[in-house]
Amino acid sequence: MSNTDFALAVEDLTVSFDGFKAIDNLTLYVDKNELRVIIGPNGAGKTTLLDLICGKTRASHGSIKFKNQEMTKLAEHRIVRAGIGRKFQTPSIYENLSVFKNLEVSFPRGRSVFGALAFQCDDEVKQRVQAVADEIGLGDQLETEAGLLSHGQKQWLEIGMLLMQEPELLMLDEPIAGMSVRERELTAELLQRICQGRSVIVIEHDMDFVKRIAHKVTVMHQGKILAEGSMDEVQNDPKVIDVYLGH
Ligand code: ADP
Ligand code: MG
């Protein structure tokens, strides 16, 4: 397999904050239709890696190619338009708008020559909103004010807002933090569904959850990759047990 066949190819990536390398010469490839989980101790650089991929932080060195196009010099909105969606740890939904409205405002507009003024066929938007709402388990809550949703439902709504843009790479930072057991189960099922037809990167600490969803696990430590492979392989890797799982 050549490097150009991957959905995402991160190569020799480094970022320094005042001389401290939060990401240190890191190379990582993610396939199409792959659900990759990144684990590692606090401060390993996991969130920083996602910040670099979505353009929130600029690399000091190295390359991030998405579908073979270089991302490191692109503005954040161009990276979104290229097909990369990122969910942050705290949901950024509109609490006083309905579920429907939250999804509707996330429908990508302004891609035509007429920009934001282009009139989008109502039916097309409604159908997409309904399809995404069904996907995230909120299909019968379209009129509910987002602020009234449970914590888990709010997280799903934000995932739905990203899905409205049909990203080809979706990145989620600790998506199940604070969720109930049932919400975690439903989130695992949701992630398994949405990685069909796109790549998904999830940062997570909960090993039972990781076991359920991961196709492949990358273990980060001190800005580098410590191990990579199946859940079984990394769980039995003495280096991983030493710096992470043993604690
Ligand atoms: P993780 O998500 O794996 O817990 P982070 O990516 O948040 O780790 O952080 C990695 C390291 O980089 C930490 O030591 C953190 O303090 C540092 N760091 C992250 N962002 C910045 C920044 N903008 N400026 C300075 N240091 C940062
Ligand atoms: Mg983090």
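Eleven names make up the surroundings of ligand 1, so to speak: Phe17, Phe20, Ala22, Pro41, Asn42, Gly43, Ala44, Gly45, Lys46, Thr47 and Thr48, where a residue counts as near if one of its heavy atoms lies within 4 Å. This is a predicted model, where local features need pLDDT of at least 70 and side-chain atom pairs count only at pLDDT 80 or more, while totals for chains, interfaces and linings use all residues. Residues are numbered from 1 along each chain as written, chains are lettered from A and ligands numbered from 1 in the order written, and side-chain values use heavy atoms, with hydrogens and water left out.

By residue type, that shell splits into five nonpolar, five polar and one charged; here Ala, Val, Leu, Ile, Met, Phe, Trp, Tyr, Cys and Pro count as nonpolar, Asp, Glu, Lys and Arg as charged, and the others, Gly among them, as polar. Both β2 (20-30) and α1 (46-53) put at least two residues into the shell, and α1 gives the most, with three. Helices (H or I, at least four residues) and strands (E, at least two) are DSSP runs, numbered from the N terminus.

Here are the distances to oxygen atoms of ligand 1:

| Residue | Atom on the protein side | Distance |
|---|---|---|
| Glycine 43 | polar backbone atom | 2.8 Å |
| Alanine 44 | backbone N or O atom | 3.1 Å |
| Lysine 46 | polar side-chain atom | 2.8 Å |

Taken alone, ligand 1 exposes 570 Å², and the protein buries 58% of that (Shrake-Rupley method, 1.4 Å probe; for residues, only the protein chains shown count as cover).

Now for histidine 205, which sits in the loop between β8 (199-203) and α7 (207-213). Leaving out residues up to four places away in sequence, histidine 205 touches Gly40, Asn42, Lys46, Glu174 and Tyr244, with contact meaning heavy atoms within 4.5 Å. With tyrosine 244, histidine 205 makes a side-chain polar contact of 3.1 Å; that term means a pair of N or O atoms within 3.5 Å, and within protein one must be able to donate a hydrogen and the other to accept it, with residues adjacent in sequence counting only if both atoms are side-chain atoms. Histidine 205 is partly exposed, at 26% relative accessible area (buried is under 20%, exposed over 50%, partly exposed in between; 1.4 Å probe, protein chains only).

As for the whole chain, 50% of its 247 residues are buried. Among contacts between residues at least 6 apart in sequence, 67% join residues at least 24 apart.
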